[in-house]
Amino acid sequence: MSLLRIDDLSLSIGTMPILKGISFACAAGQITGLIGESGSGKSMTAYAITQLLPKGAICSGQILLDGDNLLAKTETQMCALRGDDIGLVFQEPMTALNPVKTIGAQVAETVRLHRGASRAEAAAIARDTLNRVGLPAAQFPLGRYPHELSGGQRQRVVIAMAIALRPRLLIADEPTTALDVTTQAGILALLRQLVNEDGMGLILISHDLGVVADMADDLVIMRHGEVVEAGPNAQVFATQNHPYTRALIRASAHQPSRDDYQGETPLLQVEGLVRDYALPRTSLFAAPGRFRAVDGVSFTLRKGENLGLVGESGCGKSTLTRAILGLESIQAGRITINGQPVIAGQSMPAEMRRHLQVVFQDPYASFNPRHKVARLVAEPFHLIADAPQGPARRKAVAEVLQSVGLQPSDADRYIHEFSGGQRQRIAIARALITRPELIVLDEAVSALDVSIRAQILDLLADLSSRFGLSYLFISHDLHVVRKITDRVMVMQAGKIVESGETEAVFAAPQHPYTAALIKAAPQLKVEAKDDELVV
Amino acid sequence: MRRGSLYIGAGLVGLFIALALVSLAWTPYDVQVLEIFNKMKPPSATNWLGTDHFGRDILSMIMEGGQVSIAVAFVAVGLGMGLGVPLGLAAAANRGSLLDELIMRSNDVVFAFPALLIAILITAIFGPSAINAIIAIGIFNIPVFARMSRGAALELWTRDFIFAARVAGKGRVRISAEHILPNIANLLIVQGTIQFSLAILAEAALSYVGLGAQPPTPSWGRMLADSQTLASQAPHLVLAPGLSIVLMVLGLNMLGDALRDALDPRLQRGAK
């Protein structure tokens with residue numbers, strides 16, 4: 001008998017249907033992967049199971065935990081279940097912990113609440129649990145505060161809180177999405193191990209097919225609030241009954257068609273770049289320490305070339321980008337574009353700056369919410385002395401919107417009317433309008449759903465060949481970098497540890513760090529059964 | 001509930017502003033004319049709020065007094081906003097620089113003085129008048145707006161769209177005007193409403209001690225001061241200006257609260 005069974009669960013908020021009659025089951029000691037893109041209702045399913053629904057949500061159907069209908073329970077009964085029988089792990093380890101309480105107190109809290117354990121007993125259980133999640137007493141005493149831990153360590157604390165009472169069911173909602181690949185591998189291994197040891201059921205919610213495919217015993221694929229396909233992992237991938245399943249697999253492995261790069265003219269040259277930050281003084285009279293974010297980086301980006309820059313958070317890739325864009329002063333070294341030096345600050349000539357544009361990761365933060373698209377897209381025209389005005393300006397905006405696959409009429413709409421993928425297209429349009437030679441893509445597709453990501457990658461590849469654009473493609477996602485770049489550089493602790501032709505680096509990494517990164521990145525090894533990208 | 005406080009607040013504030021505006025053209029009686037034989041009459045059909053110790057119509061005085069109070073508060077808050085916001089934006093745009101330190105530390109100095117005492121000092125030196133009251137109240141509004149706009153702007157400066165504007169080659173001044181200011185306008189409106197109510201109180205206090213608008217111009221604060229010794233014989237003399245101040249300030253605070261709820265997207269999301 002299955003641990004959790006969901007029968008014909010429907011959920012609506014107001015008049016808006018969110019879940020439409022979903023059914024699936026989850027067995028003890030097994031991992032059920034719940035996969036879907038944003039808006040598919042996968043997180044709402046988790047909230048429905050725990051009854052942590054937003055105000056005004058109405059549920060129908062059945063959610064049976066060991067034959068007990070959770071929908072029939074009162075809030076008091078649910079409070080007793082949550083944290084005891086059902087554990088929860090959220091995506092963002094930075095906000096899931098209370099910053100003013102020690103990790104020991106936070107893990108012990110659940111124990112004291114549900115078991116009525118004494119302070120000492122609870123602390124002992126907390127200690128055991130932290131040991132189990134790989135935070136041994138020697139380095140991680142109970143008195144540590146969350147800010148003293150890294151993202152991966154915090155996520156381990158969150159997991160410890162969820163499993164302290166050995167729940168029968170653990171729900172992990174995108175537990176590794178905010179983490180680096182090497183950290184992600186560790187967290188996933190830990191979850192697998194806990195499931196095996198405790199025999200609990202795990203619902204692993206993710207948008208990343210690669211992560212789930214390696215882990216899950218059963219798969220549930222959701223779309224628009226419906227379960228489109230469910231079954232054992234191997235069977236789902238073998239049959240791929242539903243077209244959406246095939247589209248997802250296809251999108252995850254999608255390779256945009258690109259011309260082979262030829263060309264020798266250097267566009268961007270970076271030589272011995274160093275950027276230091278002053279650290280806060282440790283005492284009143286000590287000289288402030290210095291942190292070297294970028295440490296002697298040199299490389300050349302040629303005209304029309306797509307260059308990848310890979311590294312984990314804190315490796316200095318953002319600082320490097322800002323320095324190249326002329327927004328960060330540097331302590332040593334030289335950056336030149338077309339032979340002209342980049343100078344930080346306003347003194348950089350506009351004529352030079354217009355050849356350098358940027359697209360950011362978060363499509364929701366990249367635009368001033370109070371301007372219309374026409375004004376947003378035309379902003380870089382500020383760099384051009386004789387920028388087109390009036391009808392000519394409108395025409396330029398319309399052209400650039402069309403070249404990214406949007407309508408000219410979109411120019412008169414506000415940014416909040418667009419989806420994430422459309423916003424990213426607008427961000428690319430804004431970067432294109434000055435006809436730049438180099439676009440820095442700072443994690444430009446990382447926040448997008450796989451199907452949208454595949455489309456944006458196609459668009460980028462197409463624009464690159466049409467306009468002879470060069471990209472500096474910065475990402476933590478190795479598979480995306482592999483698909484879109486000619487050459488790749490791997491950055492670690494401010495230094496470039498390896499660089500070379502993308503395929504060569506991926507096939508035979510020379511540096512141990514590169515090898516570790518490639519090994520840790522989860523990859524979908526299944527082929528889609530047809531070529532449809534969108535259904 | 002939230003709607004309610006918006007309507008009540010806007011209604012109260014609107015009423016007093018309307019009365020003050022009407023008094024520019026017409027009042028029931030001329031407040032400059034004294035009718036001593038008609039003094040301290042209780043409210044009646046001819047004098048709705050009664051008459052004062054010189055026989056002047058109190059309703060007319062409240063209307064004209066509102067003119068002074070509202071004008072002084074309005075100009076003073078405008079002065080504070082007009083100087084404070086640019087200073088705050090400049091400090092945020094040059095975060096950590098000498099300019100930032102200079103602006104914010106001078107604000108701290110202004111903040112450190114008890115506002116009303118300095119206002120009394122200013123009017124004592126330059127002589128009591130409505131203009132000096134405006135300057136005195138205005139100066140103490142500057143740091144309020146400077147601090148608030150700097151704080152809000154600092155958060156905005158870290159956003160990607162500001163970064164994009166910098167990549168587009170826009171300078172600090174231009175970014176502050178084009179991107180930062182429209183995004184902190186909500187906060188400014190709300191804070192402006194609340195400062196406005198404080199300025200009304202400050203003006204009343206200055207007039208009360210005789211340092212605001214000078215006779216024969218009526219003002220709420222001085223009406224209170226003039227009538228306080230007569231409060232036991234003719235309570236309506238005190239009640240009329242006192243309630244005017246209370247209702248105006250209450251209305252502004254309710255309006256400010258309701259505007260904050262309506263305009264702040266963060267609170268909106270939480271409320272749902």
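# Close-up views of a predicted two-chain model

Buried residues account for 43% of the 272 residues in chain B. The model shown in these views is predicted.

**View 1. Chain B is built from helices.** The secondary structure of chain B consists of 10 helices and 0 strands. Read from the N terminus, its elements follow the order α-α-α-α-α-α-α-α-α-α. Along the principal axes, the C-alpha atoms of chain B fill a box of roughly 75 × 50 × 30 Å. Of the contacts in this chain between residues at least 6 apart in sequence, 71% connect residues at least 24 apart.

**View 2. Chain A contains both helices and strands.** In chain A, the secondary structure amounts to 18 helices and 20 strands. Of its 535 residues, 45% count as buried. The C-alpha atoms of chain A fill a box of roughly 70 × 60 × 45 Å, taken along the principal axes. A compact globule of 535 residues would have a radius of gyration near 24 Å, so the value of 25 Å for chain A agrees with that expectation. Among contacts in chain A between residues at least 6 apart in sequence, those that join residues at least 24 apart make up 70%.

**View 3. An open sheet of chain A begins with strands E1 and E2.** In this view, 4 strands of chain A form an open sheet in the order E2-E1-E4-E5, and their pairing is antiparallel. Strand E2 (16–26) and strand E5 (68–69) of chain A stand at the edges; each has a single partner strand, so one side of each lacks a neighbour in the sheet. In general, the strands of a sheet pair through backbone hydrogen bonds, either parallel or antiparallel.

View 4. E1(A) and E2(A) pair in the antiparallel sense over 7 bridges. On this side, A:Ser12 stands opposite A:Pro17 in E2(A). The two strands E1(A) and E2(A) form a hairpin with 2 residues between them. In the turn of this hairpin, A:Gly14 has a positive phi of about 65°. Strand E1 (residues 4–13) of chain A is also joined by 8 bridges to strand E4 (residues 57–65) of chain A, and these two strands run antiparallel. Two residue pairs may be located here: A:Arg5 stands opposite A:Leu64 in E4(A), and A:Ile13 stands opposite A:Ala57 in E4(A).

**View 5. A helix lies across strands E1, E2 and E4 of chain A.** Helix H1 (residues 42–50) of chain A lies across these three strands, E1, E2 and E4. Helix H1 of chain A runs at about 70° to E2(A).

**View 6. A further open sheet of chain A includes strands E11 and E12.** This open sheet of 4 strands in chain A has the order E12-E11-E14-E15, with antiparallel pairing. Strand E14 (residues 332–337) of chain A pairs with E15(A) in the antiparallel sense over 2 bridges. A:Ile337 stands opposite A:Gln340 in E15(A). Helix H10 (residues 317–324) of chain A lies across strand E11 (266–278), E12 and E14 of chain A. Helix H10 of chain A runs at about 60° to E12(A).

View 7. Leaving aside neighbours within four places in sequence, A:Val377 is in contact with residues including A:Val397, A:Val400, A:Leu401 and A:Ile426. A:Ala429, A:Arg430 and A:Ile433 are also among the contacts of A:Val377. In soluble globular proteins, nonpolar side chains tend to be buried together.

**View 8. Chain B touches chain A.** In this view, 14 residues of chain B are in contact with 19 residues of chain A. Helix H6 (160–167) and helix H7 (172–208) of chain B each supply at least two residues of the side of chain B that touches chain A. H6(B) gives the most to this side, with 6 residues. By type, the residues on the side of chain B that touches chain A comprise 6 nonpolar, 4 polar and 4 charged.

Terms used: Residues numbered from 1 in each chain as written. Chains lettered and ligands numbered in written order. Predicted model: local features only at pLDDT ≥ 70, side-chain atom pairs only at ≥ 80, totals over all residues. Contact = placed C-beta atoms within 7 Å. Pairing = 2+ DSSP bridges. Axes fitted to C-alpha atoms, helices over the stretch in contact; angles between N-to-C directions. Nonpolar A, V, L, I, M, F, W, Y, C, P; charged D, E, K, R; others polar. Buried ≥ 20, exposed ≤ 12 C-beta atoms within 10 Å, placed from the backbone. Rg over C-alpha atoms; globule rule 2.2 N^0.38 Å.
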